Amino acid sequence: MEPQLNKDAPVIIIGAGLCGLRAAALLNTHGIRCIILEARNRVGGRGLSVEVEGKPELGKFDLGPTWYWPRYETAMNQLVEELNLQTFEQFNEGRMLLERSRNEPPQQYDLSAEAMEYSLRFIGGVRSLIDALVAKIPSEAIYLNTKVTSIHQENDSRVKIQTDAGNFYASSVIIALPPRIVEQNIAFFPELSSELKLNLKNKPTWMSGQAKAIAVYDSPFWRDQGLSGFVSSWVGPLREIHDASPSTGSGALFGFFGLPANARLNVGKEQLLELVLEQLTRLFGSAAKHVTGILYKDWSFDEHTAVAEDTAPLLDYPSYGPIIDEKGSLQNIYFAGTETAYRQGGHLEGALRSAERVVNEVIKHLFKGNID
């Protein structure tokens, strides 16, 4: 059913990832009605915390972003305090391993206290952060399984949003999606300028070309060996491994793949995970064979995250920042998301900073600068 066209049309947010949810929560605190449209059947976007099937007692494990750095990520610090979230320090105590060859034991190195930046994780995974934000938003304001196909600027300064579930009308629109997803999947009327399209296309989606594997164990047995769980490997398939254990109870190791996306596709998930367990056994001994569960997510083939260009590995840190509409053609359409942040683009922090920036812009537009 199409909402009725009226002068009190809501602000519509496209995307229910961290940025979109934070923007909605902030708008609600200002008494501004908003609606979130999300193409997935869940909220959270790249924030994905999952359980081992049939074993929820082991905890939740993050297949997307995992930690944040409190020394310089102030927006996250403030939000954690505001939402009264529980965190714990990422485990980095003990020796690291360097794997240079399959035929030689990994080398062990003692790490100084300053070698690894102090970072925190969420008890219950990033999902606890997502759930706390969702609790700040009326449940009827979130539309799942609703994919936006086009955005039309109307003559009366409102915006019509066409979706595969019907049309919505907005006073303003916040697009909290990866820029390349926007450029490829959403049509604009009037059409975006070629400069604006290029700006969207030139912002790679952070970590979209990556895959993540998590091996879950009854306990973090490597700690008894004086190992931190941190590994750098020249061999693979995992090039970088970290301790992903919950704050108490079970143990877990997660890693990022060195294989590019197309190579992972050719190998196949089943064989990839066999190679992962083989590598973990080389590194940590026979105890690593006895997994309680193994989790896997390849973001490069997630249609709501990545486009074809994102399968190419990033050679440098992308140039992130706001999507600039130099011609001023988008009076009440705003681009948000971690790739549009001035600082910490790609991080959870970047998503929060972007949400704060764009909400301020929307409020200024709605109230024409007269903010109480």
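Modeller: We start with the whole chain, then go to the sheets, a helix and one serine. Keep in mind that this is a predicted model.

Colleague: Fine. How many helices and strands does the chain have?

Modeller: The chain has eight helices and 21 strands.

Colleague: What box do the C-alpha atoms fill?

Modeller: Roughly 70 × 40 × 40 Å, taken along the principal axes.

Colleague: And what about the radius of gyration?

Modeller: The chain has 22 Å. A compact globule with 372 residues would have a value near 21 Å, so the chain agrees with that.

Colleague: How much of the chain is buried?

Modeller: Of the 372 residues, 54% count as buried. The accessible surface is about 17400 Å². Carbon and sulfur atoms account for 48% of that surface.

Colleague: What about contacts along the sequence?

Modeller: Take the contacts between residues at least 6 apart in sequence. Of these, 72% join residues at least 24 apart.

Colleague: Now the sheets. What is the strand order in the sheet with seven strands?

Modeller: The order is β8-β7-β17-β18-β19-β16-β20. The sheet is open, and its pairing is mixed.

Colleague: Which strands stand at the edges?

Modeller: β8 (107–110) and β20 (293–298). Each has a single partner strand, so one side of each has no neighbour in the sheet. On average, neighbouring strands of this sheet are turned by 20 degrees against each other, direction ignored.

Colleague: Pick one pair for me. In which sense do β7 and β17 run, parallel or antiparallel?

Modeller: Strand β7 (residues 95–99) and strand β17 (residues 227–233) pair in the parallel sense, over four bridges. For example, Leu-98 has Ser-232 in β17 as its bridge partner.

Colleague: Which helix packs on that sheet?

Modeller: Helix α7, residues 269–284.

Colleague: How do β12 and β13 pair?

Modeller: In the antiparallel sense, over five bridges. Thr-163 has Gly-166 in β13 as its bridge partner.

Colleague: Switching to helix α3. Which of its residues are buried?

Modeller: Helix α3 covers residues 126–134. Its buried residues are Val-126, Ser-128, Leu-129, Ile-130, Ala-132 and Leu-133.

Colleague: What do those pack against?

Modeller: The buried residues of α3 pack against α1 (18–29), β3, β4 (61–62), α2 (74–83), β9 (120–122) and α8 (348–367).

Colleague: You promised a serine. Where does Ser-49 lie?

Modeller: In strand β3, residues 49–50.

Colleague: Why does Ser-49 count as buried?

Modeller: Its relative accessibility is 11%. Buried means under 20%, so Ser-49 qualifies.

Colleague: Which side chain makes a polar contact with the side chain of Ser-49?

Modeller: The side chain of Asp-62, at 2.5 Å. A polar atom of the Ser-49 side chain also lies 3.2 Å from the backbone nitrogen of Val-126.

Colleague: What else is Ser-49 in contact with?

Modeller: Leaving aside neighbours within four places in sequence, its contacts include Lys-60, Phe-61, Gly-124, Gly-125 and Arg-127.

Definitions and conventions. Residues numbered from 1 in each chain as written. Predicted model: local features only at pLDDT ≥ 70, side-chain atom pairs only at ≥ 80, totals over all residues. Heavy atoms only, no water. Helix = DSSP H or I, 4+ residues; strand = E, 2+ residues; numbered from the N terminus. Buried < 20%, exposed > 50% of the residue type's maximum accessible area, 1.4 Å probe, protein only. Polar contact = N/O pair within 3.5 Å; in protein donor to acceptor, adjacent residues only side chain to side chain. Contact = heavy atoms within 4.5 Å. Pairing = 2+ DSSP bridges. Axes fitted to C-alpha atoms, helices over the stretch in contact; angles between N-to-C directions. Rg over C-alpha atoms; globule rule 2.2 N^0.38 Å. Areas by Shrake-Rupley, 256 points an atom, 1.4 Å probe, with all protein chains shown as cover.
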